[in-house]
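Please look over the model shown here before reading the notes below it.

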Amino acid sequence: MQTDGATTWQDPEVVRAMLDDTTTWAVVGLSGDRSRTAYEIARLLQERGKRIVPVHPSAATVLGEQGYATLAEIPFPVDVVDVFRRSEAAGEFADQAVAIGAGGVWFQLGVLDEAAFERTRAAGVPMVMDTCPAIEWRRRR
């Protein structure tokens with residue numbers, strides 16, 4: 001299946017809604033390693049007024065926020081699940097996001113799973129793939 005990423009995976013209205021109309025972002029793969037992209041993007045999300053929730057098997061506190069080992073352990077609603085995992089491992093987190101009632105799913109730059117995209121959208125959950133909030137905010141300048 002050939003998908004036009006510009007119109008499907010990165011629908012401008014879905015991107016806008018996730019960036020502007022959400023508060024709580026669960027960041028899958030976020031650890032305390034400051035050299036990782038997930039850490040930098042989580043810090044940017046905080047600077048933009050988002051509450052970040054680290055999701056990592058070690059469940060460490062990162063950037064002052066309590067971590068959880070899994071999405072299912074988060075005891076409050078999540079607006080967006082932001083996935084920093086390789087494409088082959090990312091789909092399960094889209095499914096888990098749907099299962100916890102997340103408002104949206106965001107796969108980071110280079111993370112692609114067309115089947116997960118179709119499942120997530122079919123479940124009525126908006127999804128963005130293969131871009132980054134930092135890139136999208138920069139495009140607005």
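Predicted model: local features only at pLDDT ≥ 70, side-chain atom pairs only at ≥ 80, totals over all residues.

Residues are numbered from 1 along each chain as its sequence is written, and side-chain values use heavy atoms, with hydrogens and water left out. Helices (DSSP runs of H or I, at least four residues) and strands (runs of E, at least two) are numbered from the N terminus.

**Helix 3 and helix 4**

- The axes of helix 3 (residues 87–100) and helix 4 (residues 114–122) come within 9 Å and cross at roughly 10°.
- Axes here are lines fitted to C-alpha atoms, for helices over the stretch in contact, and angles run from 0 to 180 degrees between N-to-C directions.
- Helix 3 and helix 4 are therefore roughly parallel (angles under 35 degrees; over 145 is roughly antiparallel, 65 to 115 roughly perpendicular and the rest oblique).
- Helix 3 contributes Gly-91, Ala-94, Asp-95 and Val-98 to the contact, and helix 4 contributes Ala-116, Arg-119 and Thr-120; contact means heavy atoms within 4.5 Å.
- By class, the residues of this contact are 3 nonpolar, 2 polar and 2 charged (Ala, Val, Leu, Ile, Met, Phe, Trp, Tyr, Cys and Pro are nonpolar; Asp, Glu, Lys and Arg are charged; the others, Gly among them, are polar).

**Strands**

- Strand 1 (residues 24–28) and strand 3 run parallel and are joined by 4 bridges; two strands pair if DSSP finds at least two bridges between them.
- Trp-25 is opposite Val-80 of strand 3.
- Strand 3 also pairs in the parallel sense with strand 4 (residues 105–107), over 3 bridges, and Val-81 is opposite Val-105 of strand 4.
- In a regular strand, side chains alternate between the two faces of the sheet.
- Strand 3 (residues 80–83) is covered on both faces, with Val-80 and Asp-82 buried on one side and Val-81 and Val-83 buried on the other.
- Buried means under 20% relative accessible area, exposed over 50%, and partly exposed in between (1.4 Å probe, protein chains only).

**Helix 2**

- Helix 2 (residues 37–47) has Ala-38, Tyr-39, Ile-41, Ala-42, Leu-44 and Leu-45 as its buried residues.
- The cover over these buried residues includes strand 1, strand 2 (51–55), strand 3 and helix 5.

**Salt bridges**

- The structure holds 8 salt bridges, each a side-chain nitrogen of Lys or Arg within 4 Å of a carboxyl oxygen of Asp or Glu.
- Glu-13 and Arg-16 form a salt bridge at 2.8 Å, N to O; they are 3 residues apart in helix 1 (residues 12–20), which is about one helical turn.
- Arg-140 meets Asp-20 in a salt bridge at 2.9 Å, N to O; Arg-140 lies in the segment after helix 5 (133–139) and Asp-20 in helix 1, so the pair ties together parts that are 120 residues apart in sequence.
- Arg-140 is partly exposed at 41% relative accessibility, and Asp-20 is partly exposed at 38%.
- In helix 5, Arg-139 and Glu-136 are 3 residues apart, about one helical turn, and their closest N and O atoms are 2.8 Å apart in a salt bridge.
- Arg-139 is exposed at 55% relative accessibility, whereas Glu-136 is buried at 9%.
- Glu-13, Arg-16, Asp-20, Asp-21 and Arg-140 belong to one network, joined by salt bridges that share partners.
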